[in-house]
Amino acid sequence: MPPVPDKSRTGRFFGRRVMEFQNWTLASNARWRLTDEQLALLWQAEFPNSNSRTRYTMKSVRTVRNLFNLVRRNNDRPRTPIPQYDPAGNPVLDMPYF
């Protein structure tokens with residue numbers, strides 16, 4: 001019998017675990033160009049039951065992005081750091097990455 005997914009740790013729509021979903025959305029954001037506020041809302045919608053005290057914010061998105069840009073696992077570190085985007089979809093170039 002296959003294991004039953006833990007609903008508090010598995011995404012609501014995409015079925016991915018938290019870190020996997022966050023990394024995927026950050027890597028895909030070069031194409032989507034969502035703002036940090038939009039990413040926070042997306043993460044909150046995907047994991048509404050993760051912890052009743054946890055609410056994703058723009059600060060949490062920045063923190064996760066900085067960790068994503070720093071950490072190298074299985075050679076999957078981005079060649080160039082993943083930037084933050086403004087509401088018009090333009091990269092925020094003066095953003096400190098680390």
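Helix α1 (residues 18–32) and helix α2 (residues 36–46) approach each other within 11 Å, and their axes cross at roughly 140 degrees. Axes are lines fitted to C-alpha atoms, for helices over the stretch in contact, with angles from 0 to 180 degrees between N-to-C directions. The model is predicted: local features need pLDDT of at least 70, side-chain atom pairs count only at pLDDT 80 or more, and totals for chains, interfaces and linings use all residues. Residues are numbered from 1 along each chain as its sequence is written, and side-chain values use heavy atoms, without hydrogens and water.

The two helices, α1 and α2, are therefore oblique to each other (under 35 degrees counts as roughly parallel, over 145 as roughly antiparallel, 65 to 115 as roughly perpendicular, the rest as oblique). The crossing of α1 past α2 is right-handed (the near helix is turned clockwise from the far one by less than a right angle). From α1, F21, Q22, T25, L26, N29 and W32 take part in the contact; from α2, L39, L42, W43 and E46 do (contact means heavy atoms within 4.5 Å). Six of these residues are nonpolar, three polar and one charged.

Three helices and two strands make up the secondary structure of the protein (DSSP runs, H or I of at least four residues for helices, E of at least two for strands). Their order from the N terminus is α-α-α-β-β. Of 98 residues, 33% count as buried (under 20% relative accessible area, 1.4 Å probe, protein chains only). Among contacts with a separation of 6 or more, 45% join residues 24 or more positions apart.

Notes: Nonpolar A, V, L, I, M, F, W, Y, C, P; charged D, E, K, R; others polar. Buried < 20%, exposed > 50% of the residue type's maximum accessible area, 1.4 Å probe, protein only.
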